Amino acid sequence: QAKKLGYNYFLEYDNSMARRLLSTTAMRSRLQEAIEHNQLELHYQPIVRSNDQQTVQVEALLRWPQTDGSFIAPAEFIPLAEMTGQIVPLSEWVFQRACEDAVNLQQRDPKLRVSVNISALHFNRANFVDFVLNTLNETGCRGGWIELEMTESILLEGSQNAIERLQTLRRHGISIALDDFGTGFSSLSYLKRLPVDVVKIDRSFIAGIRHHKSDRVLIEGVIRIAQSLDFAVLAEGIETPQQAEFVTDLGCNYMQGYFFGRPIPLENL
Ligand code: C2E
Ligand code: MG
Ligand code: MG
Ligand code: MG
């Protein structure tokens, strides 16, 4: 019996922890290979304006395709890339590709803006602003076609220096979104000092709309306060028409979620 238990235990262990530990090293070198061989892809998810449900923006989301046709999700390899330092070349690749794609999208629909997720580690590099402005130049992309999405942690560490760099980017037409709002620690009073254009309410709050009064109250409050501070508000993770209606009625400016479209390759957009 003990032997059997031990064996089962080993199997279970092997399937979770050990496999993950082992695969960290393997994944690191495979990711390196993927970056070098240009095997990563950006998919795009529509962002719609609430008042007319027009797609006005698309968010670039990183995908790592596997030989069997599946994808490794960014939540699985971005934290790893942040640990190993690979996030910088990765993030540079993403931004450059997103700028190239934004230039192409402009020809299809001049109102489309592309938003790009930026890791705190990348943003905090001394040459980040130069990198961004150089890449805009090289790709022929205008600042006004790009939005940078950052999480609260960036801005929380956000010294005066971070605020100044955001202001420089905004002077070049780039807009700034505060991603996953509500999951971090930022207080609303702190929010008012930030050079931010749009606040993206995290989808965990939207998911709770139907059953939790607390989530409804929270969303309502965030929308009201954000707007009184002159930020636009975007609701993430809209999956049902009821959720879309709820946040639209509250005055939410933009929506994003599977109800409007999943992230897909640019050519299918
Ligand atoms: P995020 O920036 O908050 O992106 C939104 C995530 O929610 C995406 O997951 C998207 O596919 C998913 N999503 C959108 N609508 C719905 C919905 O209606 N329901 C549900 N359940 N999910 C929805 P994804 O693509 O797996 O990305 C996860 C996170 O990984 C992103 O969260 C972002 O923080 C990070 N990430 C993705 N691409 C990049 C990148 O190029 N650079 C960096 N630094 N981070 C990235
Ligand atoms: Mg985002
Ligand atoms: Mg988000
Ligand atoms: Mg999120």
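Trainee: How do α5 and α7 lie to each other, roughly parallel or roughly antiparallel?

Mentor: This is a predicted model, where local features need pLDDT of at least 70, side-chain atom pairs 80 or more, and totals for chains, interfaces and linings use all residues; side-chain values use heavy atoms, without hydrogens or water. Residues count from 1 along each chain as written, with chains lettered from A and ligands numbered from 1 in written order. Helices α5 (residues 128-139) and α7 (residues 160-171) have axes (lines fitted to C-alpha atoms) that come within 10 Å and cross at roughly 10°. Angles under 35 degrees count as roughly parallel, so that's what α5 and α7 are: roughly parallel.

Trainee: Which residues in α7 do F128, V129 and V132 meet?

Mentor: Contact means heavy atoms within 4.5 Å. On the α5 side sit F128, V129 and V132, and their partners in α7 are R165, T168 and L169.

Trainee: How much of ligand 1's accessible area does the protein cover?

Mentor: R63 has a polar side-chain atom 2.8 Å from an oxygen atom of ligand 1, and for E236 that distance is 3.2 Å. Of the 800 Å² that ligand 1 has on its own (Shrake-Rupley, 1.4 Å probe), the protein covers 83%.

How values were computed
Axes fitted to C-alpha atoms, helices over the stretch in contact; angles between N-to-C directions. Helix = DSSP H or I, 4+ residues; strand = E, 2+ residues; numbered from the N terminus. Parallel < 35°, antiparallel > 145°, perpendicular 65-115°, else oblique. Polar contact = N/O pair within 3.5 Å; in protein donor to acceptor, adjacent residues only side chain to side chain.
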